[in-house]
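Okay everyone, thanks for coming. Have a look at the screen while I walk you through this one.

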Amino acid sequence: MKLDSVVPWGRSFQEYRSIFSLSEGDLQKKLLGCGDGPACFNAEVTLRGGNVVSVDPVYQFSGDQIRSRIDEVYPQIMSQMEQNAESYIWESIKDVAELGKVRMDAMQQFLSDYDAGLEAGRYTCASLPYLPFDDQQFELALCSHFLFLYSEHFDLEQHIQGMRELCRVATEVRVYPLLSLDGKQSKHLSAVIEALAGDGVRTSLQPVDYQFQKGATEMLVANPV
Ligand SMILES: C[S@@+](CC[C@H](N)C(=O)[O-])C[C@H]1O[C@@H](n2cnc3c(N)ncnc32)[C@H](O)[C@@H]1O
C-alpha cells in the first residue's frame, strides 16, 4: 500500500452505531473492526470501557503521515460529495459542510487515540483475507464500507475469502453497505451468501436505521457458530 494511493476517510461512532444497529449489549462484546481506517469507533468504544481491535493496512503508517494525507485529500472528497450530493439522504447530516465536520471530528478523535491504540495493540496493521487472530477470538466483527462497496476492485473469490476469514475469527459478522460504489447492489452478494451457506454459515439481510447513501438500507449478518 502506497500512502499517495490511500484516501483516508473515517466515520463517527454514532454512524457505526446506527449502521450496525449496535445495542449497549453489543458494545460490551469482544469487537473487531475490519477496515476501520481513521474511523473513531475504536477510540470511542475504548473510552466507554469496551474491548475492541481494529485492523487496516493503513496502520502501517504513522499518525503524522495519515494526518497529512487526510489534509491532502479532504478538499477533493468534499468537492466529490458536492457533485454527487443527490446520491445521499440529507437528514441526520443536513449538508456537505456538516458531513465534513462530522467526518473530520471523527478522524481527529482517531488521530488523538492512534499512538496509544497502536501500543495497546488496538490498532493492528493487517488485511483481509488474512487476519492475525485465533478462531472465534471475537464475538462480533464489523466491516463498514469495505467489502461489497469495492466490488469492482475485489473479485468474488476475494469477497468469499474475506468473509470466510471474518467468520473464522468472530462468532458474528456484520457488513455494511451491500451496495458497490455505483450505488447498485453488489454483484458478489448472492454468490457470497451461497458460499457461506455451503460452509454451514447462517446469513440474513437486516434493515438498519442508518440513512445516508440512497438504497443502502440493509446489512449482511453472518452467524458462523
Ligand atoms: C472507505 S474506508 C472505510 C473506513 C471505515 N470503516 C469507515 O466506515 O469509516 C475503507 C478502508 O478499508 C481499508 N482496506 C483496504 N484494503 C483492506 C483489506 N484487504 N483488508 C482490510 N481493510 C482494508 C482501507 O485502508 C480503508 O481504511
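So, a residue is called buried when its relative accessible area is under 20%, exposed when it is over 50%, and partly exposed in between, using a 1.4 Å probe and protein chains only. By that cut-off, 51% of the 225 residues of the protein chain are buried.

Before I go on: this is a predicted model, where local features need pLDDT of at least 70, side-chain atom pairs count only at pLDDT 80 or more, and totals for chains, interfaces and linings use all residues. Residues are numbered from 1 along each chain as its sequence is written, and side-chain values use heavy atoms, with hydrogens and water left out.

What is the chain built from? We've got seven helices and seven strands; these are DSSP runs, H or I of at least four residues for helices and E of at least two for strands, numbered from the N terminus.

Now, the rings. Phe, Tyr and Trp (its six-membered ring) pair if their centres lie within 6.5 Å; planes under 30 degrees apart are stacked, over 60 edge-to-face, and the rest tilted. The whole structure has 18 aromatic pairs. Take Y59 and Y123: their ring centres are 5.2 Å apart and the planes sit at 70°, so we call the pair edge-to-face. Y59 is in the loop between β2 (51–55) and α4 (63–83), while Y123 is in strand β3 (residues 123–124), so to speak 64 residues apart and linking distant parts of the chain. Both Y59 and Y123 are buried.

F133 and F138 pair edge-to-face too, at 5.0 Å centre to centre with 90° between the planes, and both are buried. Finally, Y88, W90, Y176, Y210 and F212 make up one aromatic cluster.
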